[in-house]
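Q: I am new to this structure. Please walk me through it, one feature at a time.

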Amino acid sequence: MMTFTTFLSACALIILGFVLMECFVYGFHKYIMHGILWKIHQTHHKKGKGWFELNDVFLVFFASLGIGLIFSGLSSLDARLWLGCGVSIYGMTNFFFHDIVIHRRMRWTYSIRNRYVQGLIRAHHAHHKHIDNTEGEEYGLLVFNPKHIPARVSSSQIPE
Ligand SMILES: [Zn+2]
Ligand SMILES: [Zn+2]
């Protein structure tokens, strides 16, 4: 049986895994994907026609990070399990906003009438304005410069 303290520390580890992933993705995206692995990541910035892009290998990489942690901590129910859950929840959240809401890979047609979400979308579009690999902005996803948050919700999600 799980005691209340182990339950609380499990929750804290899940949140920690989630928060660490946003930080890790920021650094990895800025210094690695826009650095030595730009050849792969540019397939996302210079979008072709197909549904898949070479950049999706990063999805597999991030997903295996979470799954690997979960499996390594599964038998002893230790910290790795809960960190892995946080990492995986982050991965699903990132996929939902980045791939479904922003890039509409699932033929998503709804607009989310929420200022934070609309700010997040605008911030990521600002990141995509830089199609070459010179100085860019907004390498994170969930944490972004609040200047992108519109004064009021607009009916269209796509920034003008
Ligand atoms: Zn990028
Ligand atoms: Zn993108």
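A: Start with the largest nonpolar core, which has twelve residues in all: Leu13, Ile14, Met21, Val25, Leu69, Leu81, Trp82, Leu83, Cys85, Val87, Tyr90 and Leu141. A nonpolar core is a set of buried Ala, Val, Leu, Ile, Met, Phe, Trp, Tyr and Cys residues joined through C-beta atoms within 7 Å. Buried means that 20 or more other C-beta atoms lie within 10 Å of a residue's own; 12 or fewer means exposed, and in between is partly exposed, with C-beta atoms placed from the backbone. The model is predicted: local features need pLDDT of at least 70, side-chain atom pairs count only at pLDDT 80 or more, and totals for chains, interfaces and linings use all residues. Residues are numbered from 1 along each chain as its sequence is written, while chains are lettered from A and ligands numbered from 1 in the order in which they are written.

Q: How many helices and strands does the protein have?

A: Helices (H or I, at least four residues) and strands (E, at least two) are DSSP runs, numbered from the N terminus. Here there are five helices and zero strands. The C-alpha atoms fill a box of roughly 55 × 40 × 30 Å along the principal axes. Of the 160 residues, 21% are buried.

Q: At what angle do the axes of α1 and α4 cross?

A: Axes are lines fitted to C-alpha atoms, for helices over the stretch in contact, and angles run from 0 to 180 degrees between N-to-C directions. Helix α1 (residues 4–36) and helix α4 (residues 79–102) cross at roughly 45°, and their axes come within 7 Å. That makes α1 oblique to α4. Under 35 degrees counts as roughly parallel, over 145 as roughly antiparallel, 65 to 115 as roughly perpendicular and the rest as oblique.

Q: Is the crossing of α1 and α4 left-handed or right-handed?

A: A crossing is left-handed if the near helix is turned anticlockwise from the far one by less than a right angle, and right-handed if clockwise. The crossing of α1 and α4 is right-handed. Residues of the contact include Ile14 and Phe18 of α1, and Trp82 and Cys85 of α4. Two residues are in contact if their C-beta atoms, placed from the backbone, lie within 7 Å. Leaving out residues up to four places away in sequence, Ile14 touches Trp82, Cys85, Gly86 and Ile89.

Q: How do α3 and α4 pack?

A: Helix α3 (residues 57–74) meets α4 at an angle of about 155°, with the axes 7 Å apart. The two are therefore roughly antiparallel to each other. Their crossing is left-handed.

Q: Which residues have a positive phi?

A: Most residues other than glycine have a negative phi. Arg107 has a positive phi of about 50° although it is not a glycine. Glu138 also has a positive phi of about 50° and is not a glycine.

Q: Where is Arg107 placed, and is Glu138 buried or exposed?

A: Arg107 sits in the loop between α4 and α5 (115–128). Arg107 is exposed, with 6 other C-beta atoms within 10 Å. Glu138 is in the segment after α5. Glu138 is buried, because 22 other C-beta atoms lie within 10 Å.
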